[in-house]
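Here are a few exercises for getting to know this structure, each with a worked solution. Grab the viewer and try each task before you read on.

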Amino acid sequence: MSYASNANISFPKYNPVWDLESIFPGGVESKAFQMEVEAVDAEIAALRARVRTLVSLRVEHLSSTDAQAWASFLLDQEQLDERLREVSTFAHCVASASSDDPRALRMPGLLNESRTQFGSMMVDIRAMFRGLSDSQFEKVHGLEALSAMDLVLREMRRDADNSMDPELEALAVELKRDGLHGWGALYSQVSARLEVEIEDSVGKKTVVSVGQARNMAEDPDRDVRRRTFEGLTASWQTTAPVCAAALNSIIGSEKSLYRRRGGDALTDPLQKNRMKRESVDAMMAAAASYQDVLVEYMQLKASYLGVEKLAWYDLSAPVGEGAREDKISYEDAQEFIVEQIGKFSQPMADFCKHAFVEQWVEAEYRSGKRQGGYCATFSAAKQVRVFMTFGGTAAAVQTLAHELGHGYHSWIMRNMAASETDFPSTLAETASTLAEALVEEAALKLVTGNQKLRLLDERLQRAVTFLMNVPARYRLELAMHEKRAEGELDEDVLSGLTREIFGEAFGDGVEAVDALFWASKLHFYMTQRPFYNFPYTFGYLFSKALYTRAELEGPSFARVVDNLLKDTGRMTVEEIAAHYLDADVTQEAFWKDAAASIEGDVAEYRALVQASKK
């Protein structure tokens, strides 16, 4: 099928490189950025001085004047946090888009001291909430000026009562700067500069970035995919000792902290994601129950491709009619996304078009960019930015829609209080996965036969990712923590764990797994977001449940989705599900029902594969 739009939508033809000048002009040499960093540092110092003058909340009879002083301070702290995130996000964006420029790579590090000082201040603030009685807590929590901070304040009190002594917490913040986060920064720099050498069928060698190689991994030609996989494997193998050293230190540091705080590896990730352990357990059990169905899909795909069993590099292989067609243009991708999303939500479609026209998307296919994709929010400027490498494939269109969904989530919250826009990673995946599903479903409805086989295969690839691959990442990270308690994690141990856990997850679906997945997956090294895996399975299944409800209720449900998104910074995962879907996500049944359509997808895939052979 063609991704050319039938709608009368006009986009300017421009090089798909984002514009960051409206945030801080000047790029790596931005004077405005440097001045804002200095201003933020000065404000942090001023607030730290203020916090020492405030009366402790532990005082039994806190006066109304003292309470108001705390309210004023907390609101100022909230605004400062927003400014700090603004400069940090800008530095991250510049470094991502110019990973071949040492000046750009140094920019995120310029904020290390700022984040450390801010973190130390937050330790001081949380300490004031430690051991409070309900009546004492209510003297601040109950203030009208802080009504938007309801959930944040309750979490601050919880964290204060489950932390180390303030002196130790302050020390931990300082040590993270050059320890825990330093290892994560090392991985980012090493992986960003990694080059992949790929040899073609006639022996010609080409050097590309990891992001470019990942696009080549979806090539219709199996030999190209194999050579790309081999090139990627060779590159990651060269840096595996460094990756292992980084991961060993990251997990070792995390273990020391959560042991001191009386928790375990999941305590902090679950609290940050505002999700109960029972909900994650139920979700993972439901995902595992679909293994046989998805293994059947992979076996059907192997049959279609004419191989006995899928290789790891066959998982993303395109199938069906159009698999060898010309690349999808960036302009066609833009128009298709806007048109199809507009059938469900015109405000979401309007945002997507606005993002394209304003050049908020960095999609250029070139070297010198970090791998992966993300959406960045500039809440003070009320803007967003999307980063990816658009390779002209159908999967790239889906990724673009996914990241724009993230952008829409932030966009509709742009006028809310900062504390209410700090939503967890679990619920952050809701709008993104829903946008991706809208584009995917629209494309499927436009085709039949072998064209439908192609798109249905892409849908089932995502089911494999979210119900097999991501849960395997989750179990692998748990295993890393367990193994780290026994000793050092080196590359052999990590590769062995990966083979074992991914082998169990994929079963008879593939002939072998990627043993170096632990090295190549950025998420394991994101020290600010440990266990950045289960939120993706949550987003996938929760969005499927939302989509099912949307099909039943029609376009009017788009307004419900908007309200749900606005509440993602005000409610926990369980509260959101109960309020908007009347669902209990601690029960496996909810998650199984959300994934139920997969069985129908595999049945239709089976029929299409069989028909293609007649």
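**Exercise 1.** Find which residues Ser279 touches, leaving out those up to four places away in sequence.

Solution. Ser279 touches Glu574, Val585, Thr586 and Trp591; contact here means heavy atoms within 4.5 Å. Helices (H or I, at least four residues) and strands (E, at least two) are DSSP runs, numbered from the N terminus. Finally, Ser279 counts as buried because its relative accessibility is 0%. Buried means under 20% relative accessible area, exposed over 50% and partly exposed in between, using a 1.4 Å probe and protein chains only.

A quick note on the ground rules: this is a predicted model, where local features need pLDDT of at least 70, side-chain atom pairs count only at pLDDT 80 or more, and totals for chains, interfaces and linings use all residues. Residues are numbered from 1 along each chain as its sequence is written, and side-chain values use heavy atoms, with hydrogens and water left out.

**Exercise 2.** Work out the strand order of the open three-stranded sheet, and how its strands pair.

Solution. Start with the order, which is β3-β5-β4, with mixed pairing. Two strands pair if DSSP finds at least two bridges between them. The edges are β3 (361-362) and β4 (374-378), each pairing on one side only.

Now take the β3 side: two bridges join β3 to β5 (residues 383-387), and these strands run parallel. Val361 has Val386 as its bridge partner, while Glu362 stands opposite Phe387.

Then the β4 side: five bridges join β4 to β5, and this pair runs antiparallel. Phe378 is partnered by Gln383. The two strands form a hairpin with four residues between them, and Lys382 in the turn has a positive phi of about 55°.

**Exercise 3.** Is β5 enclosed or open to the outside?

Solution. Five of the five residues of β5 are buried, so the strand is largely enclosed by the rest of the structure. Gln383, Arg385 and Phe387 point one way, and Val384 and Val386 the other. Helix α2 (residues 64-97) lies across β4 and β5, running at about 145° to β4. That angle is between N-to-C directions of axes fitted to C-alpha atoms, for helices over the stretch in contact, on a scale from 0 to 180 degrees.

Stay with α2 and look for Phe90, which sits in this helix. Phe90 is buried, at 0% relative accessible area. Leaving out residues up to four places away in sequence, its contacts include Leu20, Phe24, Met107 and Phe378.

**Exercise 4.** Find the residues with the most contacts inside the largest nonpolar core.

Solution. They are Trp518 and Ile598, in a core of 149 residues. A nonpolar core is a set of buried Ala, Val, Leu, Ile, Met, Phe, Trp, Tyr and Cys residues joined through side-chain atoms within 4.5 Å. Helix α18 (residues 449-484) gives the most to this core, with 15 residues. A second, separate core of 47 residues includes Leu20, Ile44, Trp70 and Phe378.

Zoom in on Ile598: beyond its neighbours within four places in sequence, its contacts include Tyr290, Leu460, Ala463 and Tyr540.

Last, follow α18 itself. Of its 36 residues, 27 are buried. The helix bends by about 35° at Thr465, the angle between axes fitted to the seven residues ending there and the seven starting there.
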